[in-house]
Amino acid sequence: MDYIEIEGGVQLHGHVRIGGAKNAALPIIASLLLTTGETRLCNVPRVRDVFTFGQLLQALGANIRSDGSELVIDTSRIDRFEAPYELVKTMRASFLVLGPLLARYGKARVSLPGGCAIGARPVNFHLQGLEALGAHLELTQGYVSAYAGQLRGATITFPTPTVTGTENMLMAAVLAKGTTVIENAACEPEVVNLAEALARMGGRIIGAGSPRIAIEGVSDLEASVHDIIPDRIEAGTFLVAGAMTGGDVTVDRCRPQHLGTLLDHLRGIGAGLEVGADWVRVISVGRAQPLDIVTAPYPGFPTDMQAQMMALLTRADGRSVISETVFENRYMHAAELCRMGAKVDLEGSDAVITGVPRLHGAPVMATDLRASAGLILAGLAAEGLTTVSRVYHLDRGYEQIEVKLAALGAKIRRLP
Ligand code: EPU
């Protein structure tokens, strides 16, 4: 199993190019199940979750060719309708095939995901939404079996916004008869990117990016060409890396408008920022000021940046509090950071971080994708040698992060 070794204490300098967003690519690949024909996807990140999702589509009968960051996916011959446990347990996003399979083929059998390292993560809102559209669901042997004749438009009100839940409803409703309204919808840019892709296929969707989305069902959709938006979490991770190593880093090919709350928080810790049309430059100005952060659905501070920001705040000049409101158990990185000399006390859903002047390198273990990123950042800023094991988590969502960091001057390498 690979691990990553970092000799910390080097200031990062230079430019880094941001790839496509994993969490936009996955639902857009799922949405191709709604069409028959060949679709070209551009700016697709080469990360493990995308490869796994490709395998799932191939198992359903799709044909996939890849050429660098482009994927050509042909969904003319879908003849299986099951997402097996073996795949769903490695990647919860596999649940995204449920809505489109049901809408297009009237049947689907998808393994229930179960809990994961960051929380219980139930899928009840997805199931209630599909039932409201007229699906008949049976839960047996850990699978949900779904059947529908023609889905029918309905009003679906989510108790709290759910990103993949909103995406599953969009994909189910786009071929339903009549109008569907999703209330309290997730407003994430990845939801908007999916809605744009569906619109390009012929779907009729109004309000994506707001809490109220209206979808007027159409009878069929056409294969097309789609661009995946830049990954705002990858961009944010490199900005935090620049800020916490005392460096000067520009992230290119990003969408600064998707980074609003993070940029506010970087200003809050005292970092200098320059923002262009599709780039952001962060210039560190000494030791970070402490900061209180509350994670929240978009446009709030993203839970997917919480571990990285915690790593930064471990060295701030004072006491910070992070309140994690999206996932109940997303602090597995805290204990690992403490092994590097950080002072983090967990109090329910709050993490109280007392800044220390320096971290020291240590062997640490990654527990999930974003926790891995947080530990790498801590290693970059620490004195001495850090090894991060279980980096397969990292490979799910970051494309060659160690290569990009090394190009910024980091002393980092992957070892088998
Ligand atoms: N929730 C329910 N029932 C549901 C659905 C959600 O109770 O049926 C709860 C969740 O347990 C959670 C909250 O609602 O407390 C929000 O979860 P959400 O459904 O929005 O999360 P998700 O769709 O499963 C996506 C991303 C995550 C990201 C979250 C929050 C994808 C493929 N995954 O997950 O990304 O953290 O939204 O922004 O889009 C990552 O990339 O590392 C990652 C975990």
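The protein is assigned two domains, domain 1 (3–19 + 230–415) and domain 2 (22–227), with bounds that come from an automatic or database domain assignment. Residues are numbered from 1 along each chain as its sequence is written, and side-chain values use heavy atoms, leaving out hydrogens and water. As this is a predicted model, local features need pLDDT of at least 70 and side-chain atom pairs count only at pLDDT 80 or more, while totals for chains, interfaces and linings use all residues.

**Around the ligand**

- There are 22 residues around the ligand, each with a heavy atom within 4 Å of it.
- Phe-125, Thr-162, Thr-164, Asp-304 and Val-326 come nearest.
- Arg-121 has an N or O atom in its side chain 2.9 Å from an oxygen atom of the ligand.
- For Lys-22, a polar side-chain atom lies 3.1 Å from an oxygen atom of the ligand.

- The centres of domain 1 and domain 2, taken over C-alpha atoms, are 30 Å apart.
- Domain 1 brings 23 residues to the contact and domain 2 brings 20 residues, contact meaning heavy atoms within 4.5 Å.
- About 1,800 Å² is buried between the domains, and carbon and sulfur atoms give 50% of that; buried area is the accessible area (1.4 Å probe) that two parts lose on being put together, summed over both.
- On the domain 1 side, Tyr-298, Arg-396 and Glu-399 lose the most area to domain 2, together 34% of what that side buries.
- Three salt bridges are counted between domain 1 and domain 2, each a side-chain nitrogen of Lys or Arg within 4 Å of a carboxyl oxygen of Asp or Glu.
- Glu-399 also forms a salt bridge with Arg-46, with the closest N and O atoms 3.2 Å apart.
- Helix H12 (369–381) and helix H13 (392–395) each supply at least two residues of the domain 1 side that touches domain 2; helices (H or I, at least four residues) and strands (E, at least two) are DSSP runs, numbered from the N terminus.

**Salt bridges in the whole structure**

- The structure holds 22 salt bridges.
- In one of them, the side chains of Asp-2 and Arg-414 meet at 3.2 Å, N to O.
- Asp-2 lies in the segment before strand S1 (3–7) and Arg-414 in strand S24 (residues 411–415), so this pair ties together parts that are 412 residues apart in sequence.

**Backbone details worth a look**

- Tyr-298 and Pro-299 are joined by a cis peptide bond, with omega about 10°.
- Pro-299 sits in the loop between strand S18 (292–294) and helix H10 (306–313).
- Arg-253 has phi near 60°, a positive value in a residue other than glycine.
- The loop that holds Arg-253 runs between strand S15 (248–252) and helix H9 (260–268).

Methods
Polar contact = N/O pair within 3.5 Å; in protein donor to acceptor, adjacent residues only side chain to side chain.
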